[in-house]
Every structure is written in C-alpha cells, then in structure tokens.
Amino acid sequence: MKSRSTIVAAALAITLVVGSNQARSQQRPCRSPDPVDTIKEMSAAIFACWQPPPGTAGMSLTLRFSLRRNGTLIGKPRATYSKLGSDDALSRAFVASIIEALDKALPLPVSDSMGEAIAGRMLAPRFTAALVGSS
C-alpha cells in the first residue's frame with residue numbers, strides 16, 4: 001500500500017500542470033485562511049491570487065518550486081517552460097504577475113497532513129492566460 005505522501009507526490013506533477021487553469025476558476029478567495037488539504041485546493045489557493053495582465057492571452061509559464069510543511073517557499077522558483085509573446089514589456093508583466101501571485105498566496109495555510117505530504121516536494125504549476133472567449 002502506498003503512503004499518502006507517495007500518492008500526493010505522484011499527483012503533484014500531474015494535477016498542478018494539467019489542472020492549473022481549472023483550479024484557477026475555483027471560488028476560493030486569495031489569501032483565504034481555510035486550510036489547504038488537497039492538491040486541487042493548493043492549486044486553487046495559488047491561482048486565486050493571479051490576475052494575468054491584459055494583452056497576455058495565450059502566454060504560459062511553468063514554475064518549479066518546493067514548499068515547507070508550513071506552506072512557505074523553499075528557495076527561488078525556477079521557470080521550466082515558457083511561451084511568451086514578442087512584446088518584451090508585456091512578457092515581463094506576465095511573469096511579474098505570476099511572481100506577485102505567489103507572493104500573495106504564500107505561505108499557504110496547509111493542513112498538518114498536507115504539510116507532511118508536500119514538504120520539500122517539487123511543484124510545477126503552469127500559469128496560462130486564457131484566450132479571449134475561452135473559459
């Protein structure tokens with residue numbers, strides 16, 4: 001039988017990358033004090049704090065980072081994938097909006113069990129600005 005932390009670690013790579021935009025649409029307010037107990041809730045907590053700048057539709061950036069069991073960041077996030085536009089100023093604004101979202105969202109109010117499961121594990125959420133007319 002796999003431990004919860006093993007299952008969570010496997011789900012992190014899949015859920016945060018594939019489900020990042022879906023999580024953003026959840027109805028969790030930015031900086032909600034409600035404890036985060038699932039990967040879906042963790043994604044929603046981060047994406048609730050993100051507002052992509054106008055004109056960045058279709059831009060995408062994947063960050064890789066780890067959290068401590070208390071929901072604080074370990075080290076600096078690293079970009080592992082980017083699809084930015086040809087306008088350098090707009091691309092910088094897009095990246096800055098993502099860093100700002102992390103600054104707002106962290107530390108995450110993680111439950112004890114979630115803190116144990118994510119501590120030191122790599123997270124890789126993909127931030128993609130929605131195209132006009134998409135949900």
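Visitor: Why is Ser91 called buried?

Guide: In this predicted model, Ser91 has a relative accessible area of 7%, and since the word buried applies to values under 20%, Ser91 counts as buried. Ser91 lies in helix α4, which spans residues 88–105.

Visitor: Which residues does Ser91 touch, leaving aside those up to four places away in sequence?

Guide: With that exclusion, Ser91 touches Met59, Leu84 and Gly85, where a contact requires heavy atoms within 4.5 Å.

Visitor: What makes Glu100 and Lys104 a salt bridge?

Guide: The closest N and O atoms of Glu100 and Lys104 are 3.3 Å apart, and because the criterion asks for a Lys or Arg side-chain nitrogen within 4 Å of a carboxyl oxygen of Asp or Glu, the pair qualifies as a salt bridge. In general, side chains of opposite charge can pair when their charged atoms come close. A search of the whole structure finds one salt bridge.

Visitor: Where do Glu100 and Lys104 lie?

Guide: Both residues are in helix α4, four residues apart, which is about one turn of the helix.

Visitor: Why is Glu100 described as partly exposed, and what is the corresponding value for Lys104?

Guide: Glu100 has a relative accessible area of 42%, while Lys104 has a relative accessibility of 37%; because buried means under 20% and exposed means over 50%, with partly exposed in between, Glu100 is partly exposed, and Lys104 is likewise partly exposed.

Visitor: What makes strand β1 largely enclosed by the rest of the structure?

Guide: Strand β1 covers residues 60–67, and seven of its eight residues are buried, so the strand is largely enclosed by the rest of the structure.

Visitor: How do you know that β1 and β2 pair, and in which sense do they run?

Guide: Pairing calls for at least two bridges between two strands, and β1 is joined to strand β2 (residues 73–83) over seven bridges, so the strands pair, in the antiparallel sense.

Visitor: How many bridges join β1 to β3, and how many to β4?

Guide: Two bridges join β1 to strand β3 (residues 122–123), and three bridges join β1 to strand β4 (residues 126–128). Because at least two bridges are needed, β3 pairs with β1, running antiparallel, and β4 also pairs with β1, again antiparallel. Phe65 has Leu123 as its bridge partner in β3, whereas Thr62 stands opposite Arg126 in β4.

Methods
Residues are numbered from 1 along each chain as its sequence is written. This is a predicted model: local features need pLDDT of at least 70, side-chain atom pairs count only at pLDDT 80 or more; totals for chains, interfaces and linings use all residues. Side-chain values use heavy atoms; hydrogens and water are left out. Buried means under 20% relative accessible area, exposed over 50%, partly exposed in between (1.4 Å probe, protein chains only).
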